[in-house]
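Please examine the sequence together with the three-dimensional model shown below. The report is intended to be read alongside both.

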Amino acid sequence: MTEIIDRPVNGHAVAAVNLLKPKYTVTAEPPAPKPEGEQEGVEAVDRPDNPLADWLTVPDEPVLPPWARTPALLKANTVALGRLCWWHTRFHGIRVPKYAVKTVWLTARGFYRATTGLWPTLSAQDHTAVVQALRAQSKAKPEDVELAARLQIAHGIRTRSRRWRFGAAAVGVATAALGIYLAPPLLQTGITGAIAAPLVYLGRGENVQLLDQAAPPIRVDMSAQQLNDALRASGLLKSGRGDDDGPKVSCIMGPVRDGRGWAVVFDLPKGGGKTAADVLAKRTTIAAELGVDEIQVVMSRVRAAQGGNASRVSMWVADDDPYLADPVQSPLAKATRVSIWDPIPFGHDARGNRISVPVVWQSMFFGGLPRRGKTFTQRLMTAAGLLDPYVRHYVADFKGGQDWMQMRQVAHRLVLGAEDDAIAAFKAMLAELLTEMERRFAILRELPTSICPEGKLTPEIVERYNMPFIFFTVDELQEAFIAVSDEKERKAIIDDMARIARRGPAAGFISNYASQRPDAESVPTKLREIITIRACTQVTDQTSSDMVLGKGKASMGADASVLSEDHKGVVVLVTGPASFATVKNDLLTTAEFNQLCAKGRALRKDAGQLTGEAAGDVVTEAAEHGHRIPPVISDVLEAMRHAPRMFTRDLLQRLVNLDEDTYGDWDAEKLAKELELAGVKRSSKQVKIDGTNGAGYQRRDIEGAVPFTEQPG
Ligand SMILES: Nc1ncnc2c1ncn2[C@@H]1O[C@H](COP(=O)(O)OP(=O)(O)OP(=O)(O)O)[C@@H](O)[C@H]1O
């Protein structure tokens, strides 16, 4: 499992560097200076009058081939060869039936070709000439008659020769058949093979398209030369003059096959004025020069901590787009309990390494275009928090759809929608969180260092002082900023959220924010910059990518604009100033997430941690007692979550927002009828809100229709 906080996520970069500490290069290095004492001896051998001078010249070539110069390289290449052989075994193994069919087909065709020439026939041309000449013998010129006679003689010779050959072939076939019939099984196979082989050879031909080509689908075949050419064309290496190509990179490792691609670690030549960072910034050009899509080129710097320097680059070029593979089901879907202290399984990088993200002491931000998997990704994190009962959830989904609805079973506070009452509830939520944060810091300050050594939560403090982690999830943040038109109010919200993300981690607050529109308004720089983990699904350009991931990240290679519409659930994940990876996330479907909500509720009940709104959720409570609640009741209660009463027109609008398919064509009459059928008894048909009277509903009337719930006083 790869954890990716504060260290490079491109595991290959590290592995690659370690593979080859004693480096070799593809450029001609100046020979090492010879020890003083030896200079004279060398000169003596080199003297022009020494006839053995040339013969005694030691070649300036390493003894071992490049792939075997160190034990690590030898091992890496052996492993790669093993993988390749295993691939071929599987590739050809499943095609054995096809090969059998092809062999039979080629044998038959070869037999046909071998025998068709044996039976004597006149060619059409010969035949015509003979017939014409014989018919017109009287009028024919002497040379025509002579020609016909010659053709007949030739035909006679050909016929006799072919009859002999045909006879010989027939005897051969009969002997072979008898031999096969009489021979022991092993010899039978040998004889069959000996006969079939020349026939298969004869049967081969350009036009045999019966089967696919049994060649591994390697699309990129990289060599050091290609790499140098690509870098030169990208302006990262100087051009040479005449036959000299110019300076080249020094390959510290590779290029070698590594998984489903090519790996290479190289240093840029000195004197060119280019750095590893320049190479990362030219990813698209390099990809084009190598003839692949930029998504297939995974590059990172190799820093000093891994034995690198400012000119060292680790590059892996995939054979095809590694992010188009089918999604992997999240292991959380089947987990029964997790600890939030452990890294959360998140997805896989291009090379199939598992990526897990530790979230304790962190804050998170997810951004990107709509319908690319932001919410699904964000929910992966929250899902882990569901399976640890010592995590208290505060959730605000300003879109207010189904995505987070089932969190009502677990969430201490849940805000759905971006209407005025929802915004007011969110502000109250923020105030509650800030108060709790200060309360916790006050307690932590008072605790002896033996219990609280670093002024932060510990697993012991969490349980002993009832300070569960607080998972603060906000989705569709842009909707809140649109809804809050007052600049001052908006700034206050951003300040509060930034404060929670900045100071909260030590007190156990894990912020998990997401926004759809990656512009400066929706993702205030102030907020983004203090967030430690950022993930971005596809965006339109590098500027938008930097909006989410941080300034300058795209030029470092963390660029979500290289993703396409097909990359659902693929994010560029930034976990530190120089740590990033493109990750295909595990898939946790809405149904699986909803099941986890139910599991999370049960876990919290057992641990005495079911608190806040979830503890008083009448719909869930009634369902747990085996009562089937009509969907219209639970949906209306969800729509009125933050309001004791609501006008009918507003209620209808919110129901549509919640589930357009069901409520899209409902009117006041239909709503009233359905609620009545569901057992709602309205205490009045008019409600008064902010001094205005209008047709509407009281929430307590709706709650009254839920079995076993007490009427609020
Ligand atoms: N890991 C994944 N693998 C494959 N498909 C995924 C993955 N995650 C999400 N998807 C698909 O992408 C679709 C959109 O996901 P999601 O609702 O999370 O997008 P979004 O970016 O949050 O959109 P919006 O901003 O409109 O809410 C989902 O319906 C799902 O089918």
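## Basis of the model

This is a predicted model, in which local features need pLDDT of at least 70 and side-chain atom pairs count only at pLDDT 80 or more, whereas totals for chains, interfaces and linings use all residues. Residues are numbered from 1 along each chain as its sequence is written.

## The chain as a whole

The chain contains 26 helices and 18 strands. Helices (H or I, at least four residues) and strands (E, at least two) are DSSP runs, numbered from the N terminus.

Of the 713 residues in the chain, 37% are buried. A residue is termed buried if 20 or more other C-beta atoms lie within 10 Å of its own, exposed if 12 or fewer, and partly exposed in between, with C-beta atoms placed from the backbone. Among contacts with a separation of 6 or more, 67% are between residues 24 or more positions apart; two residues are in contact if their C-beta atoms, placed from the backbone, lie within 7 Å.

## The ligand shell

The ligand is surrounded by 15 residues, of which the closest are Pro-327, Gly-373, Lys-374, Thr-375 and Gly-569. A residue is counted as near a molecule or strand if its C-beta atom, placed from the backbone, lies within 6 Å of it.

Helix α11 (residues 374-386) gives the most to this shell, with 3 residues. By class, the shell has 7 polar, 4 nonpolar and 4 charged residues. In this classification, Ala, Val, Leu, Ile, Met, Phe, Trp, Tyr, Cys and Pro count as nonpolar, Asp, Glu, Lys and Arg as charged, and the others, Gly among them, as polar.

## The annotated loop

An unreviewed UniProt entry places the feature "binding site" at Gly-368, Leu-369, Pro-370, Arg-371, Arg-372, Gly-373, Lys-374 and Thr-375. UniProt positions are given in the numbering used here, feature names are shortened, and annotations may be inferred rather than shown by experiment.

Pro-370 is located in the loop between β8 (363-367) and α11, and Arg-372 is found in the loop between β8 and α11 as well. Is Pro-370 buried or exposed? Pro-370 is exposed because 11 other C-beta atoms lie within 10 Å. Arg-372, by contrast, counts as buried because it has 24 C-beta neighbours inside 10 Å. When residues up to four places away in sequence are not counted, Arg-372 touches Thr-537, Gln-538 and Lys-568.

Strands of a sheet pair through backbone hydrogen bonds, either parallel or antiparallel. Two strands are said to pair if DSSP finds at least two bridges between them.

In strand β9 (residues 391-397), 7 of the 7 residues are buried. Strand β9 runs parallel to strand β11 (residues 469-475), to which 7 bridges join it; here Asp-397 stands opposite Asp-475.

Strand β9 also pairs in the parallel sense with strand β10 (residues 413-416), over 4 bridges. Val-395 stands opposite Leu-414 in β10, and Ala-396 is opposite Val-415 in β10. Both faces of β10 are covered too, with Arg-413 and Val-415 buried on one side and Leu-414 and Leu-416 on the other.

Strand β2 is joined to strand β3 (residues 261-267) by 5 bridges in the antiparallel sense, and Cys-251 stands opposite Phe-266 in β3.

Another open sheet has 3 strands in the order β16-β18-β17, also with antiparallel pairing. The edge strands are β16 (645-647) and β17 (686-689), each pairing on one side only. Neighbouring strands here are turned by 65 degrees against each other on average, direction ignored. Strands β16 and β18 (residues 692-698) pair in the antiparallel sense over 3 bridges, and the bridge partner of Arg-645 in β18 is Gln-698. Helix α23 (residues 648-658) lies across β16 and β18, running at about 90 degrees to β16. Axes are lines fitted to C-alpha atoms, for helices over the stretch in contact, and angles run from 0 to 180 degrees between N-to-C directions.
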